[in-house]
Amino acid sequence: MTETVPAQWLPLPDVAERLDVSISKVHQMVRDGSLLAVRRDGVLRVPAELVANRTVLKHLPGVITLLHDAGYNDEECLRWLYAEDATLPGFPAVALGGDQATEVKRRAQALGF
């Protein structure tokens, strides 16, 4: 698997605007592990693909939890979500938004064993 990067990054204020919630709510979502944010150029940012239709991708919090349980930190979670996989449409982060979400969750769960 080769690593790729998100097509677009959103700073947390933009995520708050897109989700129509307060910036403190976005910070809480990051702390709770329901949203993945990493520092880029000194600013916490979220891959745009993880925020769709004014909500966080449905299965993202579960996948983040599974990856954290497998010992992954946030940077490693990001690398896993954006590692190209020929058996998925592109990479896991994109597949989470489609009909392959269950398969992505299954693969994340298998990392813990």
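1. Let's start with the core. The largest nonpolar core holds 35 residues, and Leu 35, Leu 60 and Leu 81 have the most contacts inside it. Here a nonpolar core is a set of buried Ala, Val, Leu, Ile, Met, Phe, Trp, Tyr and Cys residues joined through side-chain atoms within 4.5 Å. Buried means under 20% relative accessible area, exposed over 50%, and partly exposed in between (1.4 Å probe, protein chains only).

2. Before going on, please keep in mind that this is a predicted model: local features need pLDDT of at least 70, side-chain atom pairs count only at pLDDT 80 or more, and totals for chains, interfaces and linings use all residues. Residues are numbered from 1 along each chain as its sequence is written, and side-chain values use heavy atoms, with hydrogens and water left out.

3. Leu 81 deserves a look on your screen. Leaving aside residues up to four places away in sequence, Leu 81 touches Leu 36, Leu 60, Val 63, Phe 91, Pro 92, Ala 93 and Leu 96; contact means heavy atoms within 4.5 Å.

4. The axes of α1 and α2 come within 8 Å and cross at roughly 105°, so the two helices are roughly perpendicular to each other (65 to 115 degrees). Axes are lines fitted to C-alpha atoms, for helices over the stretch in contact, and angles run from 0 to 180 degrees between N-to-C directions. Leu 12, Pro 13, Val 15, Ala 16 and Leu 19 of α1 meet Ile 23, Val 26, His 27 and Met 29 of α2.

5. Now the charges. The whole structure has five salt bridges, each a side-chain nitrogen of Lys or Arg within 4 Å of a carboxyl oxygen of Asp or Glu. One of them pairs Arg 54 with Asp 20 (3.9 Å, N to O). Arg 54 sits in the loop between β4 (51–52) and β5 (55–56), and Asp 20 in the loop between α1 and α2, 34 residues apart. Asp 20 is exposed, at 60% relative accessibility.

6. Shared partners join Asp 85, Glu 103, Arg 106 and Arg 107 into one network.

Methods:
Helix = DSSP H or I, 4+ residues; strand = E, 2+ residues; numbered from the N terminus. Parallel < 35°, antiparallel > 145°, perpendicular 65-115°, else oblique.
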